[in-house]
Amino acid sequence: MSSCSGFSRRVSEPLTSAQTADLKVRLLALMAEIEHALDVSSDSERPVDLEAPIGRLSRIDAIQQQKMAKASRSRLQARLPALAAALNRIAEDTYGDCALCDDPIGYGRLTARPETPLCMPCQAERE
Ligand SMILES: [Zn+2]
């Protein structure tokens, strides 16, 4: 018994102009949100002061926390070019089509990750 039998690939519907407009709002909001977060977190990126009179453990803690802040910062930063590229695609009227196979990516997937340039099957193949 194969659980895969009967699976047929359903191509998503192309975006309506209202959906594109909605996703554009989301992209702009996300961009503003990330820029704000980067602004706020730049404060915590100051090097740990090794001369400061804190215990050894809390110093390790501080360094650890800083590493984590840095990691989440670069994750956020990495999203910005993708968001900008998505806004470009809206301007060029190619937004919502997969960059690899040209199928519509689908509104559902785009609401979850509006900057994605790939449809679900292409993304799955890449990973
Ligand atoms: Zn694709």
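A residue is called buried when its relative accessible area is under 20%, exposed when that area is over 50%, and partly exposed in between, as computed with a 1.4 Å probe on protein chains only. By that scale Arg113, at 42% relative accessibility, counts as partly exposed. The structure is a predicted model, in which local features need pLDDT of at least 70 and side-chain atom pairs count only at pLDDT 80 or more, while totals for chains, interfaces and linings use all residues. Residues are numbered from 1 along each chain as its sequence is written, and side-chain values use heavy atoms, with hydrogens and water left out.

The zinc ion is held by the SG atoms of Cys98, Cys101, Cys119 and Cys122, which lie 2.2 to 2.3 Å from the ion; donors here are N, O and S atoms within 2.8 Å of the metal (3.2 Å for Na, K and Ca), and because water is not among the atoms, sites may look incomplete. Along the chain these donor residues follow the spacing C-x2-C-x17-C-x2-C. Cys101 lies in the loop between α2 (56-91) and α3 (107-112), whereas Cys122 belongs to helix α4 (residues 120-126), so this pair ties together parts that are 21 residues apart in sequence. Helices are DSSP runs (H or I, at least four residues), numbered from the N terminus. The angles among the four donor atoms are 106 to 114 degrees, and the site is tetrahedral, a term that applies to four donors if all angles lie between 85 and 135 degrees. Cys101 is partly exposed at a relative accessible area of 32%, while Cys122, at 12%, is buried.

The side chains also form salt bridges, of which the structure holds three; each is a side-chain nitrogen of Lys or Arg within 4 Å of a carboxyl oxygen of Asp or Glu. One of them joins Arg26 to Asp22, at 3.3 Å from N to O. Both residues lie in helix α1 (residues 17-41), four residues apart, which is about one turn of the helix. Arg26 is partly exposed, with a relative accessible area of 35%, and Asp22 is partly exposed as well, at 28%.

Another salt bridge pairs Arg79 with Glu115, whose closest N and O atoms are 2.6 Å apart. This pair links distant parts of the chain, since Arg79 sits in helix α2 and Glu115 in the loop between α3 and α4, 36 residues apart. Glu115, with 4% relative accessibility, counts as buried, and Glu115 also forms a salt bridge with Arg113, the closest N and O atoms being 3.7 Å apart. Through shared partners, salt bridges join Arg79, Arg113 and Glu115 into one network.

Key. Tetrahedral: all angles 85-135°; square planar, octahedral: opposite > 155°, others 65-115°. Helix = DSSP H or I, 4+ residues; strand = E, 2+ residues; numbered from the N terminus.
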